[in-house]
Amino acid sequence: MKILVCISNVPDTTTKITFTDNNTQFNTNGVQFILNPYDEIALARAIELTDGGKGSVTVINVGEVNTEATIRKALAIGATDAVRINAKPHDAWYVAYQVAEHIKANPFDLILTGRESIDYNGSKVAGMLGELLDIPSVSIIKKLDVTDAEATVEREIEGGKEVITIPFPFVAGCAEGVAEPKIPNMRGIMSARTKPLAVVEPVEVQTLSEIISYETPAPRGQVNLVSADDPAKLVELLHTQARVI
């Protein structure tokens, strides 16, 4: 089985986010970038499915040269090889289109993504890939099992769970529960240095969206502490200030 895992290079979750150029550009100075946590889950499941010589795992990233440290981490975790499409990831459409064009020339049995990237939280790439490749896609899955002919995925829906069987090839956006992220060991770190990392140039595609400006969330307001012995005061505040009742 040939599995492709799409990975993103995202700011560490503890990063303090700031912007430059009149809030039109993300300020990368001093920012530590990591492998998107949801993509790590997808990668971990891909490695489990191919463990013992049952297939190969390729990771793909749309990014510039500064993303290669993140790609090498994915190789250290256990990916077989990697592809970097040498372009700035303008938006989800641009990323999906570049990845889809690569897949058309290099078919895979299974394409996995994280449910979303933790920087923009769009949850768009998996669905777009399915449409561009004219194959099934499903998000946000909590479980993935495969047989020789098809896969079974499980996802949460309102009031229960949905279990779907899907023929190969297909795209799946992975969430918590699919697998536990793996920590690279020393052997993996050493081998990652020599694993193939192909750099390919992007194809021409129209950019369909443009970021006009960024805004940081409003600072947290003042907290009102109400004694547990005064529930009437709590009800009053919920009614007059929070206006939720």
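**Salt bridges and a nonpolar patch**

Val 235 is partly exposed, at 46% relative accessible area (partly exposed lies between buried, under 20%, and exposed, over 50%, with a 1.4 Å probe and protein chains only). This is a predicted model, in which local features need pLDDT of at least 70 and side-chain atom pairs count only at pLDDT 80 or more, while totals for chains, interfaces and linings use all residues. Residues are numbered from 1 along each chain as its sequence is written, and side-chain values use heavy atoms, without hydrogens and water.

**Surface patch**
- Val 235 lies in helix α6 (residues 231–240); helices are DSSP runs of H or I of at least four residues, and strands are runs of E of at least two.
- Leu 234, Val 235, Leu 238, Val 244 and Ile 245 make a nonpolar surface patch of about 430 Å².
- Patch residues have over 30% relative accessible area and no salt bridge, with nonpolar side chains joined within 5 Å and like charges within 9 Å.

**Salt bridges**
- The structure holds 9 salt bridges (a side-chain nitrogen of Lys or Arg within 4 Å of a carboxyl oxygen of Asp or Glu).
- Arg 45 pairs with Asp 145 in a salt bridge, with the closest N and O atoms 3.3 Å apart.
- Arg 45 is in helix α1 (residues 37–50) and Asp 145 in strand β9 (residues 137–146), so the pair ties together parts 100 residues apart in sequence.
- Arg 45 counts as buried at 13% relative accessibility, whereas Asp 145 is partly exposed at 35%.
- Glu 176 and Lys 142 meet through their side chains in a salt bridge (3.4 Å, N to O).
- Salt bridges with shared partners join Arg 45, Glu 48, Asp 145 and Lys 182 into one network.

Definitions and conventions
Areas by Shrake-Rupley, 256 points an atom, 1.4 Å probe, with all protein chains shown as cover.
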